[in-house]
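Welcome! Here is a friendly first look at the charged side-chain pairs of one protein model.

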Amino acid sequence: MPLREGIADDPRWWIPLTADAAVKLRLYGEHRIDPACLLGVLARPRFEAWTGVTFGPMQSVEWLNLWLSCVFETGLCAISVERSAIDAGLIEPMFEKATTAVPGDRELAYLTWRAVGHTSSGGRIMEVGVIGHGDSGADLATRVAGEVRVWSERHRNREVWFEIPASAAGSTDPALCRFFLDRPHRPITVGWR
């Protein structure tokens, strides 16, 4: 349990994306998003972008999520979904009760997937897609889908490394696949080699 009122305050909070809170977005301390601007975002114009990037059974999306967290200034957020929102067609999450999303000021793009085939042992092969909502949801979904493809084509089979830098100063260089994350208590560098 996170400590309260001190150095280990929990910097997370949930905001509703639907009036009944059947879909909620987790924000973190670094987010400067007005929750009122995202309430009802799933009812705004919708855009789908399919990536061609696939995952087989037992393949984890964790390194893809890390890449998206690093390349988008707003980072990656979790979305909590109740079954009623899926049944109503409001959202198509990647997993049964959750997915990940890149928030914007008045738009949101989240990850989804669809079955595109089967392995020789009968397991499903899933293609990653991105669904965007909001006035600029198509642009954001297109950007997220592009980064999913960049990760798959250039970094998927590379080793991820982490480093705690000696100084509190560092630099991000996406061309070198190096990201400096300036955290409140201790920065960290993440990269792919």
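Predicted model: local features only at pLDDT ≥ 70, side-chain atom pairs only at ≥ 80, totals over all residues.

Residues are numbered from 1 along each chain as its sequence is written, and side-chain values use heavy atoms, with hydrogens and water left out. Across the whole structure, a search turns up five salt bridges (a side-chain nitrogen of Lys or Arg within 4 Å of a carboxyl oxygen of Asp or Glu).

**R46 and its partners**
- R46 and E48 form a salt bridge, with their closest N and O atoms 2.6 Å apart.
- R46 is partly exposed at 34% relative accessibility (buried means under 20% relative accessible area, exposed over 50%, partly exposed in between, with a 1.4 Å probe and protein chains only).
- E48 is partly exposed too, at 37%.

**A pair between strands**
- E127 meets R114 in a salt bridge, at 3.1 Å from N to O.
- This pair links distant parts of the chain, 13 residues apart: E127 sits in strand β7 (residues 124–133) and R114 in strand β6 (residues 108–118) (strands are DSSP runs of E, at least two residues, and helices are runs of H or I, at least four, numbered from the N terminus).
- E127 is buried at 9%, while R114 is partly exposed at 36%.

**A pair outside the strands**
- R193 pairs with E159 in a salt bridge, the closest N and O atoms being 3.6 Å apart.
- R193 lies in the segment after β10 (188–192) and E159 in the loop between α4 (137–155) and β8 (160–163), so the pair ties together parts 34 residues apart in sequence.
- R193 is exposed at 53%, and E159 is partly exposed at 49%.
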